[in-house]
Amino acid sequence: MSLQEKFDKAAEDVKKLKTTPSNDQLLELYGLFKQATVGDNTTAKPGLLDFKGKAKWEAWEGRKGTTKDSAMEQYVALAEKLIAEIGL
C-alpha cells in the first residue's frame with residue numbers, strides 16, 4: 001500500500017472513531033491533513049474573535065516547512081494511535 005493510500009484510508013478511518021478525540025488531537029490532525037494536502041499555509045490569520053479559525057490556522061501554520069510525505073506519515077501514525085486508543 002502506498003503512502004497516499006495509507007493516508008487516504010487513515011483520513012476515512014478517523015471519521016469513524018467511536019468517540020471524538022480531544023481538541024488538541026483534532027487540531028493536530030487538522031494541521032497535518034492541511035499540510036499534507038495543501039502544503040504551507042499562505043492564508044491570512046483569522047481575526048481575534050474567531051477562536052476556532054485561529055486555532056485551526058495556528059495548527060496548520062505550526063507545520064510550515066514540513067514535507068508532504070512527512071505530514072502524511074505523521075498523520076497516519078496519529079490516526080493509528082487514536083484508532084488503537086479509541087477504536088472504530
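Surface patches are made of residues with over 30% relative accessible area and no salt bridge, with like charges joined within 9 Å and nonpolar side chains (Val, Leu, Ile, Met, Phe, Trp, Tyr) joined within 5 Å. Here a salt bridge is a side-chain nitrogen of Lys or Arg within 4 Å of a carboxyl oxygen of Asp or Glu, and accessible areas come from the Shrake-Rupley method with a 1.4 Å probe, only the protein chains shown counting as cover for residues. The model is a predicted one, in which local features need pLDDT of at least 70 and side-chain atom pairs count only at pLDDT 80 or more, whereas totals for chains, interfaces and linings use all residues. Residues are numbered from 1 along each chain as its sequence is written, and side-chain values use heavy atoms, with hydrogens and water left out.

Leu48, Leu49 and Phe51 make a nonpolar surface patch of about 430 Å². Of these residues, Phe51 belongs to helix α3, which covers residues 51-61 (helices are DSSP runs of H or I with at least four residues, numbered from the N terminus). Phe51 has a relative accessible area of 61% and is therefore exposed, the term standing for values over 50%, with buried used under 20% and partly exposed in between.

The loop between α2 (23-37) and α3 holds Asn41, which is buried, with a relative accessible area of 3%. The side chain of Asn41 makes a polar contact with that of Thr43 at 2.6 Å (a pair of N or O atoms within 3.5 Å, of which, within protein, one must be able to donate a hydrogen and the other to accept it, residues adjacent in sequence counting only if both atoms are side-chain atoms). When neighbours within four places in sequence are left aside, Asn41 is in contact (heavy atoms within 4.5 Å) with Trp57, Trp60, Glu61 and Lys64.

Rings of Phe, Tyr and Trp (its six-membered ring) pair if their centres lie within 6.5 Å, and the planes count as stacked under 30 degrees apart, edge-to-face over 60 and tilted for the rest. By this rule there are 3 aromatic pairs. Phe7 and Phe33 form a stacked pair, with 5.5 Å from centre to centre and 20° between the planes; this pair links distant parts of the chain, Phe7 lying in helix α1 (residues 3-14) and Phe33 in helix α2, 26 residues apart. Phe7 is buried at 2% relative accessibility, while Phe33, at 33%, is partly exposed. The ring centres of Phe33 and Tyr75 are 6.0 Å apart and their planes stand at 55°, so this pair is tilted. Tyr75 is found in helix α4 (residues 68-86), 42 residues from Phe33, and is buried, with a relative accessible area of 5%.

Note on methods:
Helix = DSSP H or I, 4+ residues; strand = E, 2+ residues; numbered from the N terminus. Buried < 20%, exposed > 50% of the residue type's maximum accessible area, 1.4 Å probe, protein only.
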